[in-house]
Amino acid sequence: MGGVSLGLGALYILFAAVLYSFTDLGVLALVIVLALAWGQWYFSDTLALKSMNAQVVEPQQAPELHAMIDRLCALADMPKPRVAVAVTDMPNAFATGRSPRHSSVCVTTGIMQRLDADELEGVLAHELSHVANRDVTVMTVASSIGLLAGFITRWGLYAGNIFGSRDNRNSGAVFAVVFLVSMLVYALSFVLTRSLSRYRELSADRSGAYMTGRPSKLSSALVKISGEMARIPNRDLRESQAISAFFFAPAINRQSVGAMFSTHPPLQQRLDQLAQVSAELSEQG
């Protein structure tokens, strides 16, 4: 995670230097994209819940679910998030929010029907770890440079006056440099943020396993959900792609080279890590 962060930091410096040296659009683009990033961060929990048509539930509506989250929040010494349920057969769960005090944890009816209580508790511990680790904030900041580069790549062609203060004889060459650098930065930041997302999932797996003390239950939940996901219609899975990065398990798995673009690590890697945590807990106990 540190290596990825250093790589993103280097891209920030490179891209800022190019914008400052070659264009008059840098400040405007930065303001627009950072405003979008701020809105995405500030309203992240509301947007994610609405995209899944999830409803916030009170303790009297879902007493067992609230009881699990109450116990886990006490173990983790963290504020209790809002609890929501999405009515869909897709077995999954996600957490979102700009801070531990402004967060939500959502489970689907599909996951509650397929997992036993201990497995569901393991999944909830994983999601609460995301909240405690402020993963939404980290990922929003990490993706800002990619958003900025993407903005220029998409709209730079239509902004004919962005080089207006430059010598017209050089404007074409200047634009080509900025456009090519923007595409390069966008591609590299995309790969780096996906890598950061995968490590974020591994971190949440490890934290959740230590929280409950039963990593085998989290492993069991992962295997069950991954197997059941293959039975869900592709149409339903693709409708949820917008928040796939937030899910406990990816809506659509990628194989081979495409794995480097995945928001989640391979299933076997997650299971191997949980087996290691189980061995560590056995030595400690």
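Reader: Quick one. Asp118: buried, exposed or partly exposed?

Author: Asp118 is partly exposed, with a relative accessible area of 30%. Keep in mind that this is a predicted model.

Reader: And Arg214?

Author: Arg214 also comes out as partly exposed, at 30% relative accessibility.

Reader: What joins Asp118 to Arg214?

Author: A salt bridge does. The closest N and O atoms of Asp118 and Arg214 are 3.1 Å apart. Asp118 belongs to helix α6, residues 117-132, while Arg214 sits in the loop between α8 and α9, so the bridge ties together parts that are 96 residues apart in sequence.

Reader: How many salt bridges does the whole model have?

Author: The count is twelve salt bridges.

Reader: Give me another. What does Asp45 pair with?

Author: Asp45 forms a salt bridge with Arg82, with 3.4 Å between the closest N and O atoms. Helix α3 (residues 44-51) holds Asp45 and strand β2 (residues 82-86) holds Arg82, so parts 37 residues apart in sequence are tied together.

Reader: Asp45: buried or exposed?

Author: Asp45 is buried, at 8% relative accessibility.

Reader: What about Glu201? Which residue does its side chain meet?

Author: Glu201 meets Arg270 in a salt bridge, 3.9 Å from N to O. Glu201 is in helix α8 and Arg270 in helix α11, residues 267-284, so this pair links parts 69 residues apart in sequence. Glu201 is buried, with a relative accessible area of 0%. Arg270 is buried as well, at 2%.

Reader: What sits over the Tyr42 ring?

Author: The charged end of Arg98, 4.0 Å from the centre of the Tyr42 ring.

Reader: Aromatics next. How many aromatic pairs?

Author: Two aromatic pairs are counted. In one of them, Tyr42 and Phe43 have ring centres 5.0 Å apart and planes at 80°, so that pair is edge-to-face.

Reader: Why edge-to-face for Tyr42 and Phe43?

Author: Because planes over 60 degrees apart count as edge-to-face, and the Tyr42 and Phe43 planes are at 80°.

Reader: Tyr42: buried, exposed or partly exposed?

Author: Tyr42 is partly exposed, with a relative accessible area of 30%. Phe43 is partly exposed too, at 41%.

Reader: New topic. How many disulfides?

Author: Zero disulfides turn up in a search of the whole structure.

Reader: And Cys73, buried or exposed?

Author: Cys73 is buried, with a relative accessible area of 4%. Cys106 is buried also, at 1%.

Reader: Last topic, the sheet. What's the strand order?

Author: The order is β1-β2-β4-β3, in an open sheet of four strands with mixed pairing.

Reader: Which strands are at the edges?

Author: β1 (55-56) and β3 (93-99) are the edge strands, and each pairs on one side only.

Reader: How do β1 and β2 pair, and over how many bridges?

Author: β1 and β2 pair in the antiparallel sense, over two bridges.

Reader: What is the bridge partner of Gln55 in β2?

Author: That partner is Val85.

Conventions. Residues are numbered from 1 along each chain as its sequence is written. This is a predicted model: local features need pLDDT of at least 70, side-chain atom pairs count only at pLDDT 80 or more; totals for chains, interfaces and linings use all residues. Side-chain values use heavy atoms; hydrogens and water are left out. A disulfide is a pair of cysteine sulfur atoms within 2.5 Å. Buried means under 20% relative accessible area, exposed over 50%, partly exposed in between (1.4 Å probe, protein chains only). A salt bridge is a side-chain nitrogen of Lys or Arg within 4 Å of a carboxyl oxygen of Asp or Glu. Rings of Phe, Tyr and Trp (its six-membered ring) pair if their centres lie within 6.5 Å; planes under 30 degrees apart count as stacked, over 60 as edge-to-face and the rest as tilted. A charge sits over a ring if NZ of Lys or CZ of Arg is within 6 Å of the ring centre and within 35 degrees of the ring normal. Two strands pair if DSSP finds at least two bridges between them.
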